[in-house]
Amino acid sequence: MPCPVTPQPVHPAELLRRICVRPPYFALEHLHLDGQDLLAEVQAELPQSAELGPIQGAELSRHAAIAGLCVAALAQPDDQRRYYLAQRARYRGFVGDAPYGSRVTLRATLLGLTRREATARIQAVAGGQPLAEVEVQYTILTDNAFARLFRSRERPEFVAQTLDRMPLLPEGHVSHSGDTWRRHISEVPAAACAGHFERYPAMPVAILMGQLSQLAGLSLGEGQPFWIPQATVETQDFCWAGESVTFEAQATAAQEPLHHFACRAVASDRTVGQTQLTLQRRVSFE
């Protein structure tokens, strides 16, 4: 029988010179290559909310998307920096009993890679139990192509910051009318984009989607525990530092314990991202 292959450590510096994100947005730890798969560990940074599980679904998706682009970057024939821009994602979550803050192990598998696109599947496990599976499709841009496209958004003073973790967004103003809940933030601070991207401060998609899932959760009742069994995400544009942003979550259907929402984020007058989201009420783990 063939001997099992021992996972080989990957130094973060090897990845950081190939990818477009930086700490604190990049927070993968204990990186290893297991064959062609990338293994990493992460832990919740956000304060605990009404969402159940060891980490919020949107924060997990943030780390999963980074793990996915890292496994794509390691498969490239050179170490040139490229931008891997998440365009679409599918999330499937599972309920478990790992407490909030438990370490989560990610396994990122590269499903496809061309010069312009990549697809990765990321599986998350906590406490020995499946936590989520995320599939992400990326558009790939060279360093020069990204600079040409977004020259007007460049802020040379915005460089990698020595923060331990991502800052929280301002709470903003929350309102609701009928089945629709909204949160408006008058100006996205540059600090909330730390590590995404160097010289081009853009609000990470996962943080936008996290605002939407938490907003949808408010419609269930304040403090009502829930978890996310599934979601799909599409992005159309970036929300840049200094712009206003409005988050909108509209309830579309409900059949207890499942509640379905159509959500979007609008920066200035542009829809920058949309998600179809399902929340499931749950009072306690069984």
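Predicted model: local features only at pLDDT ≥ 70, side-chain atom pairs only at ≥ 80, totals over all residues.
Local features need pLDDT of at least 70 and side-chain atom pairs count only at pLDDT 80 or more, while totals for chains, interfaces and linings use all residues. Residues are numbered from 1 along each chain as its sequence is written, and side-chain values use heavy atoms, without hydrogens or water.

The whole structure holds nine aromatic pairs. Rings of Phe, Tyr and Trp (its six-membered ring) pair if their centres lie within 6.5 Å; planes under 30 degrees apart are stacked, over 60 edge-to-face, and the rest tilted. The ring centres of Phe 146 and Phe 197 lie 5.3 Å apart, and their planes meet at 70 degrees, so this pair is edge-to-face. The pair links distant parts of the chain, 51 residues apart. Phe 146 belongs to helix H3 (residues 143–149), whereas Phe 197 sits in the loop between strand E9 (180–185) and strand E10 (202–203). Helices (H or I, at least four residues) and strands (E, at least two) are DSSP runs, numbered from the N terminus.

Phe 146 has 0% relative accessibility and counts as buried. Phe 197, at 2%, also counts as buried. Buried means under 20% relative accessible area, exposed over 50%, and partly exposed in between (1.4 Å probe, protein chains only). Phe 197 also forms an edge-to-face pair with Phe 238, at 5.6 Å centre to centre and 80 degrees between the planes. Phe 238 lies in the loop between strand E11 (226–235) and strand E12 (239–240), 41 residues from Phe 197. Phe 238 is buried. One aromatic cluster includes Phe 146, Phe 197 and Phe 238, together with Tyr 83, Phe 150, Tyr 200 and Trp 240.

The search also finds two cavities of 30 Å³ or more. A cavity is a set of points, on a 1 Å grid over the protein atoms alone, where a 1.4 Å probe fits but cannot get out; lining residues have an atom within 4 Å of a point. Points are joined across faces, edges and corners, and a volume is the space filled by probe spheres set on them.

The largest cavity holds about 110 Å³. Of its 16 lining residues, Leu 52, Tyr 91, Phe 94, Leu 131 and Trp 227 lie nearest its centre. The lining comprises 11 nonpolar, four polar and one charged residues. Ala, Val, Leu, Ile, Met, Phe, Trp, Tyr, Cys and Pro count as nonpolar, Asp, Glu, Lys and Arg as charged, and the others, Gly among them, as polar.

The second largest cavity holds about 30 Å³. Strand E7 (residues 129–142) gives the largest share of its lining, three residues.

Notes
1 Å grid on protein atoms, 1.4 Å probe; cavity = no way out; pocket = protein on both sides within 12 Å on 5 of 7 lines; lining within 4 Å.
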